[in-house]
Amino acid sequence: MSNLKTSDFDYELPNELIAQTPLKDRASSRLLMLDKNNGSLKDEVFRNITHYLKSGDCLVLNQTKVIPARIYALKEDTGANVEILLLKRLNDNDFECLVKPGKKLRKGARLNFFDEAKAEIIDVLENGNRIVSLKYEGILEEVLDKIGTMPLPPYITEKLEDKSRYQTVYASISGSAAAPTAGLHFTNELLDEITAMGVTIAKVDLKVGLGTFRPVKVDNIDEHIMHSEEYSITKETADIINKCKENGGRIISVGTTSLRSLESNADENGILSEFKGETDIFIYPGYKFKVVDALITNFHLPKSTLMMLVSALAGRDNIMKAYSYAIENKYRFFSFGDAMFIF
């Protein structure tokens, strides 16, 4: 049991610091360097992260790809406008979804996604989510590209002109309802530069769910029930990371989703193995890290599980000090915002 309260991870953020649009050049974001050992801070530009990496390090990326999961439809019997957000694919046709307005979408309700697809609500879950059976012709990804929009978080109110900017340049395995945003700062050129330095790249796949953004609603953090997400680690990835650890290299996680995948999979000695399944790991101060040495991450929502995770890695006092500094120096926050390197 910890004595920590959710309020211990709260802070005040001026609205104007919530980044509404991505920068034209991904790698031109600001980068706040945080030394977890002494709490020292330094301002940098993201592309200069190469100055802080060295041969023998391993950079771990989450290669998940966001699907255009927000779909607007018409209720077949009334023509009413409804909104569906695909959260999790259960099989070829069925998805767990959030729906609006919920009262109108009971079991049996039929929906038309214009001429491209139809759907039926086949179950209502205890948490209010729906199981939706989607009927379409052709390839799902192509259909969603036509009828769906990117599921931007609610704090982003401006329209995204280019869908690709809510994807990492290395996104390759579809299925996420949100982007692993720490990776949005990398360009292909920067990754080429990093590998040329002798840094190894390893990739995991964690399907990011919307639970990532939800604030913790209980005061005592021990009572929080963590959302679960699907993830997979290949044998190749496990071997790369295990070898790096064995040779004394640093494991640098790009984003909290990569970190959660690694820490979920590792045994007591920090050894990884091939795996495909789910994780509901909840990391907060007091947690002993088994694999990850350093973390590249964005700035997180107040009172969120991700604030607790970064506090576990860097120390709560160091994180709160870093966030105060970032606010004072007008860093850009959240999904399209600036980054932090905890090393």
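**Exercise 1. State which residues of helix α1 (residues 140-147) are buried, and on which side of α1 they lie.**

Step 1. Leu140, Val143, Leu144 and Ile147 are buried. Buried means under 20% relative accessible area, exposed over 50%, partly exposed in between (1.4 Å probe, protein chains only). Helices (H or I, at least four residues) and strands (E, at least two) are DSSP runs, numbered from the N terminus.

Step 2. These residues cover an arc of only 100 degrees around the axis, so they sit on the same side of α1. The arc is that of the directions from the helix axis to the C-beta atoms.

Basis for all exercises: this is a predicted model, where local features need pLDDT of at least 70, side-chain atom pairs count only at pLDDT 80 or more, and totals for chains, interfaces and linings use all residues. Residues are numbered from 1 along each chain as its sequence is written, and side-chain values use heavy atoms, with hydrogens and water left out.

**Exercise 2. Describe the largest nonpolar core.**

Step 1. A nonpolar core is a set of buried Ala, Val, Leu, Ile, Met, Phe, Trp, Tyr and Cys residues joined through side-chain atoms within 4.5 Å. The largest has 92 residues. Phe113, Leu262 and Phe333 have the most contacts inside it.

Step 2. Helix α5 (residues 305-314) gives the largest share of this core, seven residues.

Step 3. Apart from this core lies another, of 21 residues, including Met33 and Ile296.

**Exercise 3. Characterise the packing of α5 with helix α6 (residues 316-328).**

Step 1. The axes come within 7 Å and cross at roughly 115 degrees. Axes are lines fitted to C-alpha atoms, for helices over the stretch in contact; angles run from 0 to 180 degrees between N-to-C directions.

Step 2. Contact means heavy atoms within 4.5 Å. On α5, Met307, Val310, Ser311 and Ala314 take part; on α6, Arg316, Asn318, Ile319, Met320 and Tyr323 do.
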